[in-house]
Amino acid sequence: MRLLNTSTLRLETFTDERSAPPYVILSHTWEKEITFGDIKNWASSGWLEKQGAQKVRQSAEQARLDNLQYIWIDTLCIDKSSSAELSEAINSMFKWYECSAVCYAYLFDITGEKGSSIRGCKWLSRGWTLQKLIAPARVRFYNMHWYYIGTRNSLAEDLQSITGIDYVLLHNFEDEDDIDPRCLLDPMASRPETKIQDILASISIASRMFWASGRQTTRSEEAAYCLMGLFSVNIPLLYGEGGKAFARLQEEIIKVTTDTSILVFADMCRSPTNVLAPEPKAFALRLPAVLEWNIDRPRMLFEKDRITLEVILCATSMRNDTSNTHFSNSYLSDSLRSRIGESGDPEGEPSLFYAVLDGSFDDDNLARPAILVRQEHDSTYRREHHDELYRVHAGTLSKSNPTFALYGGKNPAAILPRRPSAALIREC
């Protein structure tokens, strides 16, 4: 791990974030930037006269005012010419942010000063800045002239409204105007005992994906790389793979969770071969955080183009039985329209079921999101209408959880269920 000395403006190397002295993280959007090569070739590069030098000098000056001797800046502390170093850095970034004394969020397009809203700034629309907003113990915002705007705490309500991130993550830490002196000796000293990863683990996958659904990255594969820390997983970096990276990210998440909300997405491209979401944008339907789900169920299993998992299945013919389970005729978002009740109405088709997933709704905490699946073999199902999600009332759902394989491939083949009662549906 390299850090820039705020006094000498020279890079120094440390074994890892734990062995490093207290440091600042600079979070910013890239414009004309100073690079690792500029700092390394100090004499010949003349970097202090380049356009991006002012940001480096001013962030270093602010760090010195906060009695912090080191700062980490992504554009110049990583040698991006080394693929191995770049991969290690991206896989370590969340830890680096978490262990920092403070993060400075520099908003080049905001002129307002203390207490001003930061709505509309580019920083809040970028994929890489999401984990910088969540992981550090403290985040302080500065405008284009390096005038102080506020902290993550003081701006928490505005940030929640803009980003959809749960309030507990934005207002959970001691993040006041003055930096706690204890963090100058140990950045983690003044942080609550509850670790950020423990809080994230209590929030549904769909909710965390929602935070990223409206953000952009320069490269399509970076939409996956910038989310690894939010899910405590690591994947190799393969620049040039495009959207395959997001599929690999979801496969890694499936290995470590029982949360089926990873399937609560609507693919507007209606791709029948995708069992996983094609991009974060597919999770743009807002669901409240799920703090508990059935952690005792077997983990999901992903193999090639299928997922084996436990869910509750409900026959579509039960939709209008108000004494049992009620199905609404609406999507989770006003921007989408359900096909139920139109031509091709699934009601009554014996091979169609609602697969009830983890999640809840603001207006009814007993309602659960569901996807429509078609049975193709005893324990093999394929999702129907990838651009649709359904609402199921959970008040009288069966407590038994059948296991089935959900396919996305063109030629599904049946597999044996984990339990003999794999596809039992409660009949009332």
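Which residue stands opposite Tyr70 in β4?

A: Asn5 stands opposite Tyr70 in β4. Before going further, note that this is a predicted model, in which local features need pLDDT of at least 70 and side-chain atom pairs count only at pLDDT 80 or more, while totals for chains, interfaces and linings use all residues. Residues are numbered from 1 along each chain as its sequence is written, and side-chain values use heavy atoms, with hydrogens and water left out.

Strand β4 covers residues 70–73. Helices (H or I, at least four residues) and strands (E, at least two) are DSSP runs, numbered from the N terminus. Two strands pair if DSSP finds at least two bridges between them. Strand β1, residues 2–5, pairs with β4 in the antiparallel sense over two bridges. Strand β3, residues 23–27, runs parallel to β4, and four bridges join these two strands. On that side, Leu26 has Ile73 of β4 as its bridge partner.

In a regular strand the side chains alternate between the two faces of the sheet. In β4, Tyr70 and Trp72 lie on one side, Ile71 and Ile73 on the other, and both faces are covered, with all four residues buried. Buried means under 20% relative accessible area, exposed over 50%, and partly exposed in between (1.4 Å probe, protein chains only).

Leaving aside neighbours within four places in sequence, Tyr23 touches Tyr70 and Trp72, and its other contacts include Met1, Leu3, Leu68, Trp96 and Val102. Tyr23 and Trp72 are also among the residues that touch the most other members of the largest nonpolar core, together with Phe141, Leu227 and Leu249. A nonpolar core is a set of buried Ala, Val, Leu, Ile, Met, Phe, Trp, Tyr and Cys residues joined through side-chain atoms within 4.5 Å. This core has 111 residues. Its largest share, seven residues, comes from helix α5, residues 83–98. A second, separate core has nine residues, among them Cys314, Leu352, Tyr390 and Val392.

Phi of Leu9 is near 60 degrees, a positive value in a residue other than glycine. Leu9 is buried, at 11% relative accessible area.

Now for the rest of the chain. The protein chain has 13 helices and 15 strands. Of its 428 residues, 57% count as buried. Among contacts with a separation of 6 or more, 68% join residues 24 or more positions apart.

Helix α10, residues 205–212, is mostly covered, with eight of its eight residues buried. These buried residues, which include Arg208, Phe210 and Trp211, pack against α6, α7, α8 (167–170), α9 (196–201), α12 (228–231) and α13 (244–255).

Side chains of opposite charge can pair when their charged atoms come close. A salt bridge is a side-chain nitrogen of Lys or Arg within 4 Å of a carboxyl oxygen of Asp or Glu, and the structure holds 12 of them. In one of these, Arg119 and Asp158 have their closest N and O atoms 3.8 Å apart. This pair links distant parts of the chain, 39 residues apart: Arg119 is in the loop between β5 (102–106) and α6 (129–134), and Asp158 is in helix α7, residues 156–163. Arg119 is partly exposed, at 48% relative accessibility.

Another salt bridge joins Glu384 and Arg374, with 3.4 Å between the closest N and O atoms. Glu384 lies in strand β13 (residues 380–384) and Arg374 in strand β12 (residues 367–377), so this pair ties together parts that are 10 residues apart in sequence. Glu384 is buried at 19%, whereas Arg374 is partly exposed at 25%. Arg382 and Glu376 meet in a further salt bridge at 3.0 Å, N to O. Here Arg382 is buried at 13% and Glu376 is partly exposed at 32%.

Finally, a search of the whole structure finds zero disulfides, a disulfide being a pair of cysteine sulfur atoms within 2.5 Å. Cys103 is buried at 0% relative accessible area, and Cys121 is buried at 4%.

Conventions. Contact means heavy atoms within 4.5 Å.
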